[in-house]
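Keep the picture open while you read.

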Amino acid sequence: EFEAEGTTASIKNQENIDIVDMDVLLMVMEIREQIDRISSTNGNSQQALNKLLEENQKRIVKTVELLGEAFGRSDWVDAKKLVATLQYWNRIKETIVEKL
């Protein structure tokens, strides 16, 4: 939970699927497939994983910017969605780092 200006909103959800856009979920699945495909091949896997890591970092930065804007507008519904999205991007980052 977080509190801002006397308003408390829960950012927890049993399954973030309820609050994350389908486009984000599809992108996450696609990226995970890319990671698995790259990891299962020999050769330039480190270079390809570094590229995915760089792309993911851009998504993290953009999501954090949008989250700041949502907080600025006191848009708790959007903020909740963005926090859940950010969790997905962070899990992808952790997965890539483990493979490197």
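The largest pocket has a volume of about 180 Å³. Before we look inside, a word on the model: it is predicted, so local features need pLDDT of at least 70 and side-chain atom pairs count only at pLDDT 80 or more, while totals for chains, interfaces and linings use all residues. Residues are numbered from 1 along each chain as its sequence is written, and side-chain values use heavy atoms, with hydrogens and water left out.

How do you find a pocket at all? Rolling a probe the size of a water molecule over the atoms shows where empty space is left. Here the search runs on a 1 Å grid over the protein atoms alone, and a pocket is an open set of points where a 1.4 Å probe fits, with protein on both sides within 12 Å along at least five of seven lines; lining residues have an atom within 4 Å of a point. Points are joined across faces, edges and corners, and the volume is the space filled by probe spheres set on them.

Among the residues lining the largest pocket are Asp-21, Arg-59, Thr-63, Thr-85 and Trp-89. Helix H2 (45–72) and helix H3 (76–99) are the elements that give two or more residues to this lining, and H3 gives the most, with 5 residues. Helices (H or I, at least four residues) and strands (E, at least two) are DSSP runs, numbered from the N terminus. The lining divides into 4 nonpolar, 2 polar and 5 charged residues. In this scheme Ala, Val, Leu, Ile, Met, Phe, Trp, Tyr, Cys and Pro are nonpolar, Asp, Glu, Lys and Arg are charged, and the others, Gly among them, are polar.

Take Thr-85, which sits in H3. Is Thr-85 buried or exposed? Thr-85 is buried, because its relative accessible area is 9% (buried means under 20%, exposed over 50%, partly exposed in between, with a 1.4 Å probe and protein chains only). Setting aside neighbours within four places in sequence, Thr-85 is in contact (heavy atoms within 4.5 Å) with Val-20, Val-24 and Thr-63.

Next comes the largest nonpolar core, which has 23 residues; Val-20, Ile-35, Trp-89 and Ile-92 have the most contacts inside it. Such a core is a set of buried Ala, Val, Leu, Ile, Met, Phe, Trp, Tyr and Cys residues joined through side-chain atoms within 4.5 Å. Helix H1 (22–39), H2 and H3 each supply at least two residues of the core, and H3 gives the most, with 10 residues. Not counting residues up to four places away in sequence, Trp-89 touches Val-24, Met-27, Asn-56 and Thr-63, among others.

That brings us to Asn-56, a residue of H2. Asn-56 is buried, since its relative accessible area is 0%. The buried residues of H2, including Asn-56, Arg-59 and Thr-63, pack against H1 and H3.

Just after H2, Ser-74 takes a positive phi of about 55°. Most residues other than glycine have a negative phi. Ser-74 is found in the loop between H2 and H3 and is partly exposed, with a relative accessible area of 31%.

Finally, step back. The protein has 3 helices and 2 strands, running β-β-α-α-α from the N terminus on. Of its 100 residues, 31% count as buried.
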